[in-house]
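Trainee: I have a structure open and would like to go through it with you. Could we begin with the fold and then turn to individual residues?

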Amino acid sequence: MSAPSAGVIAPAPAWRRTVGVVSALTAAAAAVGSVQLLTGTFTPPVSDLRPLGLDSWVIPGLWLAASVAAPCAGTATLAWRRSYWMGPAAIGAGALLAVELLVQVPFVGLDPLQGVMGVVAISLVGLGFSSLRRSGTKDRP
């Protein structure tokens, strides 16, 4: 039996594709949310920010981009590249998403979307740990 040629790439495992898709969709949603906050489109009332001393949604929009959109986009990129760093990135992105949700609840109140995104955060963390176990990357530098 001959060895596979160097140019042939094995298909990505289903869990890696799942991390890639979930991360990419979350990054896209967070990017859209960031733009909405930065432009003042479909935002909650500014009075929700008064306890923080803020009078616009610009800083929360930048926070959303930095704490959710960028880490999830990075995780999606690592998933598509089949990097062994995808697992730790997914864990970090899920944890940052959970922090984002916990920070926003006191200011904007509870919303069903937060429950959905909470499931996404838990899923990213779980898939990240699962990928570490399956790919044996927990022993890598």
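Predicted model: local features only at pLDDT ≥ 70, side-chain atom pairs only at ≥ 80, totals over all residues.

Trainee: Is A93 buried or exposed?

Mentor: A93 has a relative accessible area of 1%. The cut-off for buried is under 20%, so A93 counts as buried.

Trainee: How far is A93 from S67 in space?

Mentor: Their C-alpha atoms are 7.9 Å apart, while in sequence the two residues are separated by 26 positions.

Trainee: Changing topic: how much space lies in the largest pocket?

Mentor: The largest pocket holds about 840 Å³.

Trainee: Which residues are closest to its centre?

Mentor: Those are L37, L64, E100, Q104 and V108, out of 30 residues that line the largest pocket.

Trainee: Now the surface. Which residues form a nonpolar patch there?

Mentor: The patch consists of V21, L25 and W80, and their accessible area together is about 330 Å².

Trainee: Where is L25 found, in terms of helices?

Mentor: L25 lies in helix α1, which spans residues 14-39.

Trainee: Why does L25 count as exposed?

Mentor: Its relative accessibility is 58%, and the cut-off for exposed is over 50%.

Trainee: One last topic, the aromatic rings. How many aromatic pairs are counted?

Mentor: The count is 1 aromatic pair. The rings belong to Y84 and W85, with centres 5.2 Å apart and planes at 40°.

Trainee: Why is the pair called tilted?

Mentor: Stacked applies to planes under 30 degrees apart and edge-to-face to those over 60, with the rest being tilted. The planes of Y84 and W85 are at 40°, so this pair is tilted.

Trainee: What about the accessibility of Y84 and of W85?

Mentor: Y84 is partly exposed, at 31% relative accessibility. W85 is partly exposed as well, at 41%.

How values were computed: Residues numbered from 1 in each chain as written. Heavy atoms only, no water. Patch = residues over 30% accessible without salt bridge, like charges linked within 9 Å, V, L, I, M, F, W, Y side chains within 5 Å. Areas by Shrake-Rupley, 256 points an atom, 1.4 Å probe, with all protein chains shown as cover. Salt bridge = Lys/Arg side-chain N within 4 Å of Asp/Glu carboxyl O. Helix = DSSP H or I, 4+ residues; strand = E, 2+ residues; numbered from the N terminus. Buried < 20%, exposed > 50% of the residue type's maximum accessible area, 1.4 Å probe, protein only. Phe/Tyr/Trp six-rings, centres within 6.5 Å; stacked < 30°, edge-to-face > 60°. 1 Å grid on protein atoms, 1.4 Å probe; cavity = no way out; pocket = protein on both sides within 12 Å on 5 of 7 lines; lining within 4 Å. Points joined across faces, edges and corners; volume = space filled by probe spheres on them.
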